[in-house]
Amino acid sequence: MSTPESVMKLSGTETHEPAVGRVAPHSAHAGDQPGRNYLNADYNLWSWLFTTDHKRVGILYLISITLFFFLGGAAAVLFRLELMTPRGDLVKAESYNKLFTMHGIIMVFFFLIPAVPAVLGNFLVPLMVGARDLAFPKLNLASWYIYIIGGVFTIVAVLTGGVDTGWTFYTPYSSTYGNTNVLAAAVGVFVVGFSSILTAVNIIATVHTMRAPGLSWFRLPLFIWAHYATSLVILLGTPVLAITVILVGVERAFRVGIFDPALGGDPILFQHLFWFYSHPAVYIMVLPAMGVVSEIISCFARRRVFGYKFIAFASLAIAVLGFLVWGHHMFVTGQSMYAGLVFSFLSMLVAIPSAIKVFNWTATLFKGSVLWNTAMLYALGFIGLFTMGGLTGLFLATIAVDVHVHDTYFIVAHFHYIMVGGSVMGYLGGIHYWWPKMTGRMYPEGWGRVAAILIFFGFNLTFFPQFVLGYLGMPRRVHDYVPEFQILNVMSSAGASILGIGYLLPLGYLIWSLRYGKPAGANPWDATGLEWQTDSPPPTHNFHEQPVVLTDAYLYEPWEPPAQGHLPQTPPQAHEPAVVGSEGQR
Amino acid sequence: MSTDFSFFPEAASTIAPRVDAVYLFILGITVFFTLLIAGLILSFGIHYRRGSKASRENPPTSIWLEITWSVIPLIIVIGMFFWGADVFVDMRTMPAGAMEIEIVGKQLMWKVQHPSGRAEINTLHVPTGQPVKLRMISEDVIHSYYIPAFRLKQDVLPGYYTDFWFEATKPGDYHLFCAEYCGTEHSLMRGTVTVMDPDEFARWSAQESRTLPVEAGKELFERFRCGSCHKGAGAGPGPALAGVYGSLVPLKGGGAVVANEQYLRDSILDPPKQVVAGFEPLMPSFKTLLSEAEVLQLIAYLKSLSVAE
């Protein structure tokens, strides 16, 4: 929506309802009776399995990705135990390879990619834009079923013998030589891609067409900007992955020469296709978490996000540049030297929008009023770990250094700093920040802080030694290693056990809070977003009255919460009288 | 538990200290910015904690801040790019007169063929002070030849030759790993690179008398009766092979290709792929008859024909 249009829409609204600035086109729904919300609107199982309520679909996703997270985590526990000793003695080589493959496939395709968009995005995008639901509620439900079908194929692949190709499915190993259940796993990955695509379509359509009156593009929360950018990447990238795994399946099943040179194919072609999706997929995993962090930092520093537009455009810049750097995964494959140099240069450029975000978040704290609560600990932890993950990416973009550290534990450490230190911290921060909204209950704050701190230190102890291991030259995906690498591996495994406890704690106290937590109230954090202007948990149709937006997002000034403890982005109390239509002012 | 432990790997090639220099530079940048961000978060977070008396007046809203923290990192990463690219270009530029060693990777094994005729498996002996070029190919899946002490790694592909070069500087035994996951026992596909003084290496090379690759290639050439078609110019149904290596070969259907090792290999194993102009695609494929190691021997023989002319 262009600026003049939004102003026009807004002033039109004001003409009708100048005193309160709200319109109420649909005020009474069956599920919107007092005391009724999306959780208790219906109790039977079918009302969940056939729901088209975006909030219920979000909860279905929350439950399923949590199961997959702990399944993938269990695999990690086993191989970290194996790596305590240099000899391959706890599990056989074959089992070890299946464990890290299962860990990778489950964590990437069934946890990290859907985590923030499908759980928090599903739940919050309509609430944040002031809509009743997503644009295509039935497609949204279909996306969950597709996710489950993909998950079933993957679980079947694991149960009927496992897969040992690594989550990257490199050919010709995956297409010709590996004699494990590659086809079933490939089908699982192929299918689950469509669930991401449907979620992305829904988010894009919703953001374009269903924003509340007055909610122009530059008044959107940065969470929405991040999800919008992510959805574009999903739409453009995921079909390429689908085509790639089909080609692997075709070569494997029908011996058609595509990737295997013995059949006349090109083994490197697979890597081009795979990374054309899978590098942008990194941004699919981390951009939504960045959106979460922008919300949390702003709320608990009680300051408008510093450089709102820079952060919004940085998301788009990352989405675009992310498609141009896949070749940095292939510096040592024998691709031409000049291609390598171009990819190295472009990869360097991705660092800039990421740096802009980090600096802006940090600056948001300056002259803020910082509350060190659980969600904020996760968000600040995110900034620290993402900074390290991003900076260590520079080693890999620097082509001469990448030749040495490529396919070593340096890579493993780097992408875990982005994926776990970034995405998982952001996801957990978001779960804690919006838990009161989703469930109507508060969790025990003390336990929350303990878990966040355990996770931060456990994470660093697990993955920092892996940077050192990588530069020493320990290759990844090895089940048996030379003895001088042992000390660092033991440190890493010790950290993993702390990390594991850190992840189990929220599972415990969040479930506890469902029954015993204090009622949260509509807006326990005194936050400004539209999602906080409705009940917790929200009614089935989200808002009792259609919200109308009169101001920019994050107007947290004055920095101390006022006496009434309420600082909405909407009227009635027009605390900043001059902001109507004042785009771009910070 | 092993006490043989260090934080930094040994450097034993001419390129290794240069890679380490770039690495340490980026490490410095990384440490600086990590401490900067962590320090700012902690100091802002504590100084401006909820309820503290610190003044919150006039918060900054400066476009110049945005420009500063965009442009300074941009300059730094472009600097990194050029430094890394400079070292990489030297890594990829093959020096003239390098000793060429041929390596065939197959699941769990690195087979090495020295020009002296000596062969070895899962070890590699090289002299100091002499550029060595490795030409590598895989019999099955993708492997990756990785010598951490040299800071060098190159994927080894099925069907395509890849290469890299190094000059070892320090005698000793160094780890050799396969860095690309290649199958069940991938982690055991490792060995030792032994760097020797040139004299010692010369003695080592002479220890076992083996057939030279050229001679083995000549024997294969005769056994498969290659010469019955590939006679002198215009004399047989196949093109003449003397002098073919390194020449520009015109192709049937237009275009031309330099007859390098890859072209010679493909012409033996997949003849219809690139047929020489003026000839019919009569040659059968030798894919099932020759191993990659034997193809390399044949190529060595073909190259010797070029030198002789």
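Tutor: In this predicted model, contact means heavy atoms within 4.5 Å.

Student: With which residues is A:Gly440 in contact, leaving aside its neighbours within four places in sequence?

Tutor: A:Gly440 belongs to the loop between helix H14 (409–439) and helix H15 (445–472) of chain A. Once its neighbours within four places in sequence are left aside, the residues in contact with A:Gly440 are A:Trp435, A:Lys518, A:Pro519, A:Ala520, A:Ser536 and A:Pro537.

Student: Is A:Gly440 buried or exposed?

Tutor: A residue counts as buried under 20% relative accessible area and as exposed over 50%. The relative accessible area of A:Gly440 is 8%, so A:Gly440 is buried.

Student: Where is A:Asp133 found, and which side chain of opposite charge is nearest?

Tutor: A:Asp133 is found in the loop between H4 and helix H5 (137–159) of chain A. A:Asp133 is buried yet has no salt bridge. A salt bridge requires a side-chain nitrogen of Lys or Arg within 4 Å of a carboxyl oxygen of Asp or Glu. At 6.2 Å, the nearest side chain of opposite charge is that of A:Lys55.

Student: How much area do chain A and chain B bury between them?

Tutor: The contact takes 93 residues from chain A and 87 residues from chain B. In chain A, the residues that lose the most area to chain B are A:Phe359, A:Lys367 and A:Tyr471, together 9% of what that side buries. Of the area buried between the two chains, 71% is on carbon and sulfur atoms, and the area itself is about 7,800 Å².

Student: Which side chains meet in a salt bridge between chain A and chain B?

Tutor: Between chain A and chain B there are 20 residue pairs in polar contact, while the count of salt bridges is one. At 3.0 Å, N to O, the side chains that meet in this salt bridge are those of A:Asp480 and B:Arg190.

Student: Which element gives the largest share of the side of chain A that touches chain B?

Tutor: By class, that side has 57 nonpolar, 22 polar and 14 charged residues. Among the elements that give two or more residues to it are helix H4 (93–129), helix H9 (267–301) and helix H11 (337–365). The largest share, 16 residues, comes from H11(A).

Terms used:
Residues are numbered from 1 along each chain as its sequence is written. Chains are lettered from A and ligands numbered from 1 in the order in which they are written. This is a predicted model: local features need pLDDT of at least 70, side-chain atom pairs count only at pLDDT 80 or more; totals for chains, interfaces and linings use all residues. Side-chain values use heavy atoms; hydrogens and water are left out. Helices (H or I, at least four residues) and strands (E, at least two) are DSSP runs, numbered from the N terminus. Buried means under 20% relative accessible area, exposed over 50%, partly exposed in between (1.4 Å probe, protein chains only). Buried area is the accessible area (1.4 Å probe) that two parts lose on being put together, summed over both. A polar contact is a pair of N or O atoms within 3.5 Å; within protein, one must be able to donate a hydrogen and the other to accept it, and residues adjacent in sequence count only if both atoms are side-chain atoms. Ala, Val, Leu, Ile, Met, Phe, Trp, Tyr, Cys and Pro count as nonpolar, Asp, Glu, Lys and Arg as charged, and the others, Gly among them, as polar. Lys and Arg count as positive and Asp and Glu as negative; His and the chain ends are not counted.
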